[in-house]
Amino acid sequence: MASKERELRVKPINNGTVIDHIEAGQALNVLKILGIGGHTRHVVSVLMNVPSGAMGAKDVVKVEDRELEPEEVDTIALIAPRATINIIRNYEVVEKFRVAMPRNVIGIIRCGNPNCISNSNEPVSSRFVVESMDPVLLRCSYCEFVLDKNIADHLL
């Protein structure tokens, strides 16, 4: 019965994307990545701290009438490496996949080193190499700064 109650907290969507298995507390950062603020034309459902057998607690984001771009999925992987993406059409899951960590991250994360050339007025995009996926560890290609905490705080 409890399982049935959890499923009924948010109604199913007809078409769109469900991002599941987001680390608890990261749903609002996922919305930031998707560019979803207070004014959007899409219906958005956010579930936070939902009980999960595998994760203890998780967040879930549902966005109606929108499918994600590959760059958005790559960015979500940086803050929610265990997330799964479900594409919904006519109330059916037509595609389901786990996010994959990109090998390189270009132009979406700000380097934590204030003296890095990517933080100057020079026309260069930030560039990181993914050194580890669990935990996520990014190394700046310019200054070798290691970013391993609060990655969402460094999103551009």
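Reply: Start with strand S6, residues 104–106, and strand S7, residues 127–133: they run antiparallel and are joined by three bridges. Strands here are DSSP runs of E with at least two residues, helices are runs of H or I with at least four, and both are numbered from the N terminus. Two strands pair if DSSP finds at least two bridges between them.

A word on the source. This is a predicted model, in which local features need pLDDT of at least 70, side-chain atom pairs count only at pLDDT 80 or more, and totals for chains, interfaces and linings use all residues. Residues are numbered from 1 along each chain as its sequence is written, and side-chain values use heavy atoms, with hydrogens and water left out.

Now look at Phe-128 in S7. Opposite Phe-128 stands Val-105. Phe-128 also has a bridge partner in S8, namely Cys-140. Strand S8 covers residues 136–140, and S7 and S8 pair in the antiparallel sense over five bridges. Two residues sit between S7 and S8, which form a hairpin. In a regular strand, side chains alternate between the two faces of the sheet.

Next, go past strand S9 (146–147) to Leu-156, which lies in the segment after that strand. Leu-156 counts as exposed because its relative accessibility is 63%. The cut-offs are these: buried is under 20% relative accessible area, exposed is over 50%, and partly exposed is in between, with a 1.4 Å probe and protein chains only. Leu-156 still has contacts: leaving out residues up to four places away in sequence, it touches Gly-107, Ile-108, Ile-109, Arg-110 and Ser-126. Contact means heavy atoms within 4.5 Å. From Leu-156 to Leu-138 is 18 residues along the chain, and their C-alpha atoms are 15 Å apart.

Finally, turn to the second largest pocket. Its lining has 19 residues, and Glu-23, Ile-79, Pro-81, Met-133 and Val-136 lie nearest its centre. A pocket is an open set of points on a 1 Å grid over the protein atoms alone, with protein on both sides within 12 Å along at least five of seven lines; lining residues have an atom within 4 Å of a point. Helix H3, residues 70–79, gives the largest share of the lining, three residues.

Key. 1 Å grid on protein atoms, 1.4 Å probe; cavity = no way out; pocket = protein on both sides within 12 Å on 5 of 7 lines; lining within 4 Å.
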